[in-house]
Amino acid sequence: YKKVLVKSTNQQLNNQFVNLRVLHYTPQIIGSNSLISLQQFEKIWSWLPKRYNISDSQMIFNTQHDGCSLQSLYQKSTQTNNSTILLIKTKENNVFGAFISHRWEKNEHFYGNGETFLFSFYPKSRRYIWQTNYKTYFMSLTNNELIIGGGNGFGLYLDSELLHGTSEKCDTFNNLPLNGENKHFECVVLQLFIIT
């Protein structure tokens, strides 16, 4: 249910708050997205915390336009306090990423909260959520690396040039490697979306 302020010519309804049940909402994507289909984007939306059910998204970073630099990605990410969706396409045509529910900040120590998750679309759609009995290694960001998920391996690791990365099983999300059998990958395209 979403509380909505009604503007109406009917005096009884005008300026009243009512609860509307949202049965299905297709998120609007501002900015081109060639990595995943609309159905896959809707799948991500179904995995988000319920408060985002009728939100939209806007691409704020794309390596094809903004260059391959972790510093540039960081600068774009800090222009908002909104949650973000990170999408990566590899040389093997695998697509995966992360939902990051907190503001990005440079910190060599892990930070974040349990709403953060990893996901992959190839070979099949899967979401990896926080394993509450395990470490809270959600995200770490320095000038040299971005890490999402830790503990006995990194769920997702990217270098400072956003070109090379690894994905391993990690305690935080108990995930399978996002790139399939090969834990190392070359990043072809990386996109970052904010949730509006």
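Colleague: Let's start with R51: is R51 buried or exposed?

Modeller: R51 is exposed, with a relative accessible area of 51%, where buried means under 20% relative accessible area, exposed means over 50% and partly exposed lies in between, using a 1.4 Å probe and protein chains only. Before we go on, please note that this is a predicted model, in which local features need pLDDT of at least 70 and side-chain atom pairs count only at pLDDT 80 or more, while totals for chains, interfaces and linings use all residues. Residues are numbered from 1 along each chain as its sequence is written, and side-chain values use heavy atoms, with hydrogens and water left out.

Colleague: And which side chain does R51 meet in a salt bridge?

Modeller: R51 meets E115, at 2.6 Å from N to O; a salt bridge here is a side-chain nitrogen of Lys or Arg within 4 Å of a carboxyl oxygen of Asp or Glu. This pair links distant parts of the chain, since E115 is in the loop between β7 (107-111) and β8 and R51 is in the loop between α1 and β4, 64 residues apart. Helices (H or I, at least four residues) and strands (E, at least two) are DSSP runs, numbered from the N terminus. E115 itself counts as partly exposed, at 27% relative accessibility.

Colleague: How many salt bridges does a search of the whole structure find?

Modeller: The search finds four, and one of them joins E186 and K91, whose closest N and O atoms are 3.7 Å apart. E186 lies in strand β14 and K91 in the loop between β5 and β6, so this pair ties together parts that are 95 residues apart in sequence. K91 is exposed, at 58% relative accessible area, whereas E186 counts as partly exposed at 37%.

Colleague: Changing topic, how many aromatic pairs are there in the whole structure?

Modeller: There are 14 aromatic pairs, where rings of Phe, Tyr and Trp (its six-membered ring) pair if their centres lie within 6.5 Å, and planes under 30 degrees apart count as stacked, over 60 as edge-to-face and the rest as tilted. One of the pairs is formed by W47 and F119, which is tilted, with 6.1 Å centre to centre and 45° between the planes.

Colleague: Where do W47 and F119 lie?

Modeller: W47 lies in helix α1 (residues 38-47) and F119 in strand β8 (residues 117-120), so the pair ties together parts that are 72 residues apart in sequence. W47 is buried at 11% relative accessible area, and F119 is buried at 0%.

Colleague: What lies over the face of F117?

Modeller: R127 does, at 5.6 Å from the ring centre; a charge sits over a ring if NZ of Lys or CZ of Arg is within 6 Å of the ring centre and within 35 degrees of the ring normal.

Colleague: Last topic: how many residues does the largest nonpolar core have?

Modeller: The largest nonpolar core has 30 residues, and L156 is among those with the most contacts inside it; such a core is a set of buried Ala, Val, Leu, Ile, Met, Phe, Trp, Tyr and Cys residues joined through side-chain atoms within 4.5 Å. The largest share of this core, five residues, comes from β14.

Colleague: Which residues is L156 in contact with, leaving aside its neighbours within four places in sequence?

Modeller: Its contacts include L86, I88, F96, L118 and F185, where contact means heavy atoms within 4.5 Å.
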